[in-house]
Structure formats: C-alpha cells, structure tokens
There are 2 protein chains.
Amino acid sequence: MNEADRAGLLARLAATPGCDWRTDADAMAPYLAEQRGLYRGAALAVALPQDTAAVSALVRACARLDLALVPQGGNTGLCGGAVAQDAARQVVVSLERLDRIRAIDPANFTLTAEAGCIVQRVREAAADENRLFPLSFGADGSARLGGALSTNAGGTNVLRYGNARELTLGLEVVLADGQVWDGLTALRKDNTGYDLKQLFIGAEGTLGIITAAVVKLFPLPRETATAWLACPSVEACVAVFGRLRDASGDAVTGCELLSRTALDFVLRHMPGARDPLDAPARWYLLVELTSSSASAGLATALEAVLEQCLNNGQISDAAVAASARQAAEFWRLREGVAEVQRHEGASIKNDVAVPVSAVPAFVAEASAAVQVACPGLRVCAFGHIGDGNLHFNLSQPVGMPVEQFLAQWDTLTGLVNAVVARHRGSISAEHGIGLLKRDALAQHEPAVAIDLMRRVKAALDPQGRLNPGKLLPPTQE
Amino acid sequence: MNEADRAGLLARLAATPGCDWRTDADAMAPYLAEQRGLYRGAALAVALPQDTAAVSALVRACARLDLALVPQGGNTGLCGGAVAQDAARQVVVSLERLDRIRAIDPANFTLTAEAGCIVQRVREAAADENRLFPLSFGADGSARLGGALSTNAGGTNVLRYGNARELTLGLEVVLADGQVWDGLTALRKDNTGYDLKQLFIGAEGTLGIITAAVVKLFPLPRETATAWLACPSVEACVAVFGRLRDASGDAVTGCELLSRTALDFVLRHMPGARDPLDAPARWYLLVELTSSSASAGLATALEAVLEQCLNNGQISDAAVAASARQAAEFWRLREGVAEVQRHEGASIKNDVAVPVSAVPAFVAEASAAVQVACPGLRVCAFGHIGDGNLHFNLSQPVGMPVEQFLAQWDTLTGLVNAVVARHRGSISAEHGIGLLKRDALAQHEPAVAIDLMRRVKAALDPQGRLNPGKLLPPTQE
C-alpha cells in the first residue's frame, strides 16, 4: 500500500465518532508487540474507542472500507491471538478505554464491568463490597476482562469456582455487522433460547467483540489453610487431592503440582527462595483450603488428612503454613516457576489437560517420549493438578545450542500431543489457540468438530472481518 | 396422507438398523401425551434406537425421506418441547434405550452416561462410588439425562453446584446430517476452539440430538443442617440468604422461598402436612447447608446466623431440623406446592428469574399488577430465591368459572412478563421455551438476539429437520 492510499484510509477512519487513533510506528509498537517474540505484528492503525457505541461505529466504518479488526485487551495472551498481521488491511481495536465498573450488586453476588477493566481491579472492586471475584492468574495485573473472557481464562481458582466461562452471567457484544447485542443480564437461571453468550466466551474475538460483562461474585474467604507437601509419585498427589476434597467440605481452592525439577529451577534462580522441607522429594503439592466461614475448622481438617497420608505413604513430609506470610512464601515458589525457566535456556511450553485420573500416566508417558527423542532434556512439569491441567514445559539439555533445541519444537510438541490424544486430553487447556496452535487444533480435533466451528464462524462473521486467521486455519480457496 | 403412503414410509423406515418402532395409536400414545394437556401430539411413528449408531442411521433415513425428528427423553418437560405435531412428517425419537452408564471416574469426579439414563439413576450410580451428582428436580425420577441437558435443567441445587450446563463437561451428539460429533471429553479446562457442547445444551433438540454426556461429580455430603424460617418480608428473606452464604463458607445448597398462600395450600391438601411453626407469617425460607466434611460445624454456623436474624427482626421464628426425618418433612412441604395447586382450581404458572436483589420489588409489583387485573386471584409464589428464580403461579379466584379465569392467561402472563422485563429478568428461568413460550420469547428478546439464534439454527440445521417449530417461531415465508 502506498502512503497516499494509507493516508486516505486513515482520514476516513479518523471520522469515526468516539475513537482515538495511534497510527505512527512508535505509538503502535506496544499494541503490535507479542510478549514471547514469536510473532511480529503489523497493522494499518490502532483504534481506541471510548465506549460501546464507538466500538460499534468503528466496526461499521471498517466494514465500509473492507478492513478487518483485531480486538485486543491487555495483550498478555500466550498464543498470538491479539496480534494483527496485515499493515494494509487490519486495524487493532484496543478496549483499554472501556474501563468502567458499571455496577456491583452484593445481594445478587454480581458485578458489571467493561471489557477494558484490568482483571485485578475487578477483583479489588468486588473485595471493597466484601465479595470475591475469583478469577486469578499470573498476568491478571495487566490482562483485561474482555480478553480474559475471550480466551476463557483459567488460573489457580478454577477447581472451586470455575473458569472465566463459568463466572460469566451476561455479556454485551458488538457483532461483525456493528450491531450491539445487549445480553447484560445478571441471572443464575435463564433458559430463554440459545445461550448466546457462550458463543463469544473463549472465541478469541473471532465471532464478536465483547464490550462488557456481568460476572459472578462469591463470599470473601475469611479462613485459609495452606500446606506444602512432598509426595513420592504423581499417583500419590492425585490420591491426596481426592482425599482433601472429600474431607474439607470441597474447600480446596488450590491444588498445585510441582516436580522437583521445577522447584530446583526456582531455588536456583529466584532470590530468597528456600525449600520448605529438609529432604528432597520427587513431587510437591501446594494445597490451599479456604472458607468464607471464620470457623470452618480448615486447619483441623487439613491436619487430619495429612496425618492419614503420612501414615499410608502418600506424602513423605509436609509443612503447614503457620502464618499468611509463610503461605505467601509457598505461593511465591509456585508462581516463580513460569519466570525462572528462562535462566535454564530455551524452553518449549505445553499447556495441556487430561482427566485428573490420567495425570500420572500422562506424566510418565510424555516424559519418556520426549527424553528418548531428546536426551538430556529437562521436563519442568507443574500446574493445576486438581483440574488435570499441566504446564508440561521442556527445558533444553544443558549445553545444547538453543537453535538445535528449538529445531525440535514440532517433533517434541507432536510427541506430547500424541500422549494427550491417547488420554482424550486437550492440547490447549487454558491458553487458547490464536496463531500458535491453529494448525495443531485442526490436526487434533475431528473433522466434524472443525466443520461445526467453521459453520458457526460463517454464521456470525460471514465476511471474515473479526480477527481473521486466528483459532481456525484459513480455508483453502 | 393416505394409508398406503403411510405404510410405504413406515416400511422404508423399518429398515433402519438398530431401531424399534411404535406405529399404532395405542403404542404411540405415551410418547404423544403432554403432561399438562396443553398440546395434543401427532406423529408418523415413534422410533426407539438402541444406540448412537442407530440414532445416526435414523437421522440419515429421515433426511432421505424428508421427515423431521422430535427428540424425546422422559417426556416430562413443561413447555411442549418434546411434542410432535405432524402425523405425516414427524418422527418422535425416544432416547430411552440409550440407558447405559458408560463410565464412572471417581478420581476425576466425572461420570459418562447415555442420554436415556433416568436422572435419579445417574445420581444413584454416582453415590455408589461415594460421589454426588447434584442435579435434582421434581421430575427427576422419570426425566432422562439427555432431556435434562437439552433443557438445561435447574432445580434446588443450582445455587451451589450450577445448572445442567455447568455440570456438563462433554457431549456426544448426532448432528442434523447424521454425523456423530464425539465431544465426550472429561476435562475441567479445554480451550481448543469454540466450545461446541454449549450449542447443544439447552437447545431443546433443535440443533442436534444429545446421545451421551460426561458430567461433573462432587464429594458426597456428610453433614447437613436444615431449618424452616418465618420472615416478615421478601427483603428479609434476601438478607438472610446473603448472611447465610457469607457465614457458612458458601455451604448453602438450598434456599427456598414460600409465601403463606403456598404453605396454606399445602397444609390444606397434603395428607399429614403440618406447620412447623406456631404463629403464621407472610413468608418462609427453607434453608439447607451441606458439607462433605463431617465436622464442618454447619449447625453452629446456622444457629449463629439465626440468632442474629431473630435479634434484628429479619426472621420472626425458626425451626431447626433435629433429625434427617424432620428435615425431610420440611422439604416435603416445599415439594408439595407444585402438586397441591390443582386442588385450588385452575392456575397460570410463570417460571421467572430476576436478580436476587430485585426479587422483593418483583414480587410486590407483579402481585399488585395481577391482583388489580383479576381481583380475588391468589398469588402462589415459591421457588429458588438464592437463584432469583420464582415460580410465580396464579391460582384462580375462589368461585370464578375456570374458563373465565383461563381466558385471562395472555393478559396476566403479559403483566408478569412486563415486570420481569423491567428488572431485566427471564421469562423462562428453568423450564425452557418449547411451544409454550415461543411467541413470548420472540417478543421479549431483542431482535438482534432472535436473529443470532436463527443464524445458529440455520448453520447447524439448514433443512430445519430437528424439532421444527420449537424454541423459535417459524419464519414468515
């Protein structure tokens, strides 16, 4: 596209009511960056609409000019779902100015917020009204609500409270033709026809642009019991998890697995990290029980289970947090894993899920497969074992050149995904598809499922104007 | 259709592998009956496929013969969603022979069952493995799982465990063209593209025929605390509910509202029923707390809240169940309401939901509106106040001829629905749309929502072969 054509398009877009624009390279750069450096973004312009009406006007303007739209929240996604890829024909739509908390209804246990609200801020607003918004994940200090819903974000609280989909009661969405669907109801039960909001949650902006949502709130926790457990095997970890759910009144809000390798990485690279236990073990569980009752007896329930498990060998040692500060130290070990891996060289990350009962077999089989294919590779497995969701990350062999290791990306990921398929698991548990797993999705899912997805896409976005090329591979013409 | 044409069609259908048939009037009668007598069914035949492959073959056979299919589970629906309406061109598909529990995975807290399983039997199968399947509603001794999922059934446990949609992890569905989509995954987290199962849950068989499902299980409750409370107002009931959620560690699994009128009907007509309290009150709450921990201290938490509420006037009296038997008596009063209304003459039933915080205003405004329009009418309001879901039923004035009362159906329902709309509520909280509320849905929902629903229907069932005429009004040609 020559400069005159570009200037002409930008001039016509500039007339869109309620939109600010970023059009020069420097100003656009943060919206085109992709945090892992896997993709290089390119866009005609970045639009910053001020409200839902402006998003609607923008979508209509783009339709008139035959431009596509790439919706973007906090740009913290891990699969390239918010990366624009065409400097001539794609406009990034940042929702960051739609950042109002519209309503909090403590008696209904709901909150209504716009898509651009930072997730952490939504949680704080709920806490101010003595309510819990449970969505919590690593990037939630910069991720925005619309993006979290569009990727059906998970995190550490899914076990007890559900993922973003289960936390959503209502949506407001700008459709591909610019119409606004106002589905901002705050109802626990509503069987009036197809549940349209389900279409847009987790659709990565390919079916509509979420502009606001009604989310569920819960009573604020008042009592917490946290422990760091050493386990001889993944089987033992699964057994401990089941026992804890049973014995605690289903108060398990966190059940995180770490391999010794993962803990070693943290101990080696995170300042101030120290092993909570004296002797090393093969596997660790970080468990957290919470209750909104201040007299739920969680510590008693936890200690009773730990005693049983110490006796039957399902755990070899345990440290119960004596204070909120010590509990925070345990969590810091867990949360450090994602960051410290880069100090160990290149890594290939797999975000997979299998049934909880299949986690032990998955870990054994997948570890064996990748270590045979790439001797010396270090499996850094950790994640949300209560959801069957593992971050099965592969750190390069010590001393291997980075390029040599990364050249095995497709082979190693393919081996992991084959084990996932054998256990009827998911190749993307919580991160989504975006660009990164688009081709893998098409291979992994049966043709009938891909065909259904294409039919839904064609029904809601017949011109292919919303986040083109994401989630589904382009159709062969 | 003449007899020879009919016989010809039936002969061709009879060749479908794996299907039994009911073709004479007597044998078809139970599948054509509609329990409230609002509709008179008519079908060419009733098919009883033995498994998923037979359902697939049947759908393909009907496509070849240009016949439509009306899927049916236990035929307990309240909106006519399973009623066939064309003796020449519609085939009822009863799923009753697909009644196998395919798998139970206690470590994964999941169960896989076929669509024809009775809901209560699924619950029993889970309990045999020390697990809870929480879906529980009045008709669940004859309702079947596929129907419960197709109508997104609710019931008394939604508050804590969610409705049928939230309890479903995976589905197997026969599509409109006879293809089988196998989405029977048992995963808590799976962000691999559009969440296709959401399309079929609550779609009343108009987008596909559910043949099997993976559902979530929970720890089995071991401790229960139940109480019957008298409250001066609906506002007080809402406040008590919030306090109980907070103070109990979110252990409230039941919070049911009854008006004095509802209780009076039960006391008058249900053998053995007696008022748990001495003095009459305007409103009652039946509250139930449960925990899988045997030492959760629920009774203590409950009594502390009751003491506070007695002191601040939010309740005027309370009876705490001293035994499981007494708790069952309280529940029998609540469950009796649906049945006893017929002894008070005709009634017009409204299954509505509003935000919990709007329930008091809804009850006041809707009661005033209908009593002005029809003096002497008795509002029999009861339901799941914790979900904002009321069965706002209108019993005829004493002595009014039935026909005269029922002639006001549209007027009275219209008045109720207008108040629902003012509070952004639902005109069908848990019963669905079917035939009964099809036109009301089209009026109540914005045009953009109806248009989206039509696009989804056209994408998945372009020939309109699945449960035609249900949920959406036929398009004007």
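Mentor: Contact means heavy atoms within 4.5 Å. This is a predicted model, in which local features need pLDDT of at least 70 and side-chain atom pairs count only at pLDDT 80 or more, while totals for chains, interfaces and linings use all residues. Residues are numbered from 1 along each chain as its sequence is written, chains are lettered from A and ligands numbered from 1 in the order in which they are written, and side-chain values use heavy atoms, with hydrogens and water left out.

Trainee: Leaving aside its neighbours within four places in sequence, which residues is A:Asp99 in contact with?

Mentor: A:Asp99 sits in the loop between strand S4 (85-94) and strand S5 (101-105) of chain A, where helices (H or I, at least four residues) and strands (E, at least two) are DSSP runs numbered from the N terminus. With a relative accessible area of 34%, A:Asp99 is partly exposed, a class that falls between buried, under 20%, and exposed, over 50% (1.4 Å probe, protein chains only). Once neighbours within four places in sequence are left aside, the residues in contact with A:Asp99 are A:Glu114, A:Gly116, A:Cys117 and A:Arg121.

Trainee: Is A:Thr192 buried or exposed?

Mentor: A:Thr192 is found in the loop between S9 and H7 of chain A, and its contacts beyond four places in sequence include B:Ser426, B:Leu441 and B:Met453. The relative accessible area of A:Thr192 is 6%, so this residue counts as buried.

Trainee: Which side chain makes a polar contact with the side chain of A:Thr192?

Mentor: A polar contact is a pair of N or O atoms within 3.5 Å; within protein, one must be able to donate a hydrogen and the other to accept it, and residues adjacent in sequence count only if both atoms are side-chain atoms. At 2.7 Å, the partner of the A:Thr192 side chain is the side chain of A:Asp190.

Trainee: How many salt bridges does the rule find across the interface of chain A and chain B?

Mentor: The contact takes 93 residues from chain A and 94 residues from chain B. A salt bridge is a side-chain nitrogen of Lys or Arg within 4 Å of a carboxyl oxygen of Asp or Glu, and one joins the side chains of A:Arg424 and B:Asp182 (2.9 Å, N to O). Across this interface the number of salt bridges found is 14.

Trainee: Which element gives the largest share of the side of chain A that touches chain B?

Mentor: Across the interface of chain A and chain B there are 49 residue pairs in polar contact, both at pLDDT 80 or more. Among the elements that give two or more residues to the side of chain A that touches chain B are helix H8 (234-247) and helix H16 (447-460) of chain A. The largest share of that side, 10 residues, comes from H16(A).

Trainee: Why does the pair of A:Phe241 and B:Phe109 count as edge-to-face?

Mentor: Rings of Phe, Tyr and Trp (its six-membered ring) pair if their centres lie within 6.5 Å, and planes under 30 degrees apart count as stacked, over 60 as edge-to-face and the rest as tilted. The structure holds 12 aromatic pairs over all chains. The rings of A:Phe241 and B:Phe109 have their centres 6.2 Å apart and their planes at 70°, so the pair is edge-to-face.
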